[in-house]
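The paragraphs below go through the strands, the core and the disulfides of one protein. Please keep the sequence and the structure open while reading.

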Amino acid sequence: MSGNSSYRSGFIPRAAAGMLALGLAGCGKQQVVQGDCRPVNGADVCVWGETSGKALVAFGATVPVGSIENAPADAPMAWPPVPAAAIPLPDVVSAATGIRILTLYWEAHGHPPGPYLVPHFDFHFNNISADELAAIDCADSTKPAQLAAAYELPDVTIPQLGTLLGLCVPKMGMHSLPGAEMHASTMFQKTIVVGYYRGRPIFVEPMIARATLLERHGFSMAMPEVPDRPSGVRYPTSFRADYDSTAQTYRFVFSGFSPVGAS
């Protein structure tokens, strides 16, 4: 009797462990959720999310080199700037992070301050809706109480446009930049911008020079810790750009999400 009891007590945990392992394997299955695509300079830029079970582990965009190579060398001045594409993120991404839409801009001549006067692309990952973006007119000049460490939010004077408080651009918002980079005597290659409006963070932005992207090499950038995020918003803590030489594409990957923001 005692032997039989010992057998059962050993068997049941092993069976349960096997079932648990199967369950965990199922829960941990990696899956890429493809989102929408939009044409940019003759090639499609696409967004996606990656899940493990029910948890979001990464999201980002796939950017063909063709979109970079075919960017026009000149473009008529438009104010406010018009995005080359506006792409909604998959529901699984917006539900987990609060980040809703990618707006992509081509800056053929760059823009002030000085280090950014080179042709470059702006990839705004916005945690507000397309309608909220469209309503930004920069009439509200409220700046955030606290910026990411070592970042500045400059007031920039631009000929024919006047002074942009907090480098606020209609339909985009204010732009904060790394202070050391902004005051450098050399031109930038790549950076992370943090955007604001009404005193709250509204986007994170890989801003990358065209020349850097045409090098066709992968790279990473440090993500700043953004204080005072809106309730429900989780910003990524890691960014890398993986280059696929066969497909001739970059895969922008955000991961390592911060805790939920508190209002």
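This is a predicted model: local features need pLDDT of at least 70, side-chain atom pairs count only at pLDDT 80 or more; totals for chains, interfaces and linings use all residues.

The partner of β13 is strand β14 (residues 236-244), and the two pair in the antiparallel sense over 4 bridges. Within this pairing, F219 stands opposite A241 of β14.

A further set of strands forms an open sheet. It has 7 strands in the order β4-β5-β6-β12-β11-β10-β7, and the pairing is antiparallel. Its edge strands are β4 (85-88) and β7 (151-152), each of which pairs on one side only. The partner of β7 is strand β10 (residues 174-178), with antiparallel pairing over 2 bridges. Here Y151 stands opposite P178 in β10. As a general point, strands of a sheet pair through backbone hydrogen bonds, either parallel or antiparallel.

The largest nonpolar core has 65 residues, and the members that touch the most other members are F59, F123, F125, Y250 and F252. The strand that gives the most to this core is β12 (residues 200-209), with 6 residues. Nonpolar side chains tend to be buried together in soluble globular proteins.

The covalent links remain. The protein has 2 disulfides, and with bonded cysteines counted along the chain they follow the pattern 1-2, 3-4. One of them joins C37 to C46, with an S to S distance of 2.0 Å. This link is right-handed, with 110 degrees about the S-S bond. C37 is partly exposed because its relative accessible area is 35%, while C46 is buried, with a relative accessible area of 16%.

Another disulfide joins C138 to C168, with an S to S distance of 2.2 Å. The link of C138 and C168 is left-handed, with -85 degrees about the S-S bond. Why does this pair tie together parts that are 30 residues apart in sequence? C138 lies in the loop between α4 (130-134) and β7, and C168 lies in the loop between β9 (162-164) and β10, so the bond connects these two parts. C168 is buried, with a relative accessible area of 4%.

How values were computed:
Residues are numbered from 1 along each chain as its sequence is written. Side-chain values use heavy atoms; hydrogens and water are left out. A nonpolar core is a set of buried Ala, Val, Leu, Ile, Met, Phe, Trp, Tyr and Cys residues joined through side-chain atoms within 4.5 Å. Buried means under 20% relative accessible area, exposed over 50%, partly exposed in between (1.4 Å probe, protein chains only). Two strands pair if DSSP finds at least two bridges between them. A disulfide is a pair of cysteine sulfur atoms within 2.5 Å.
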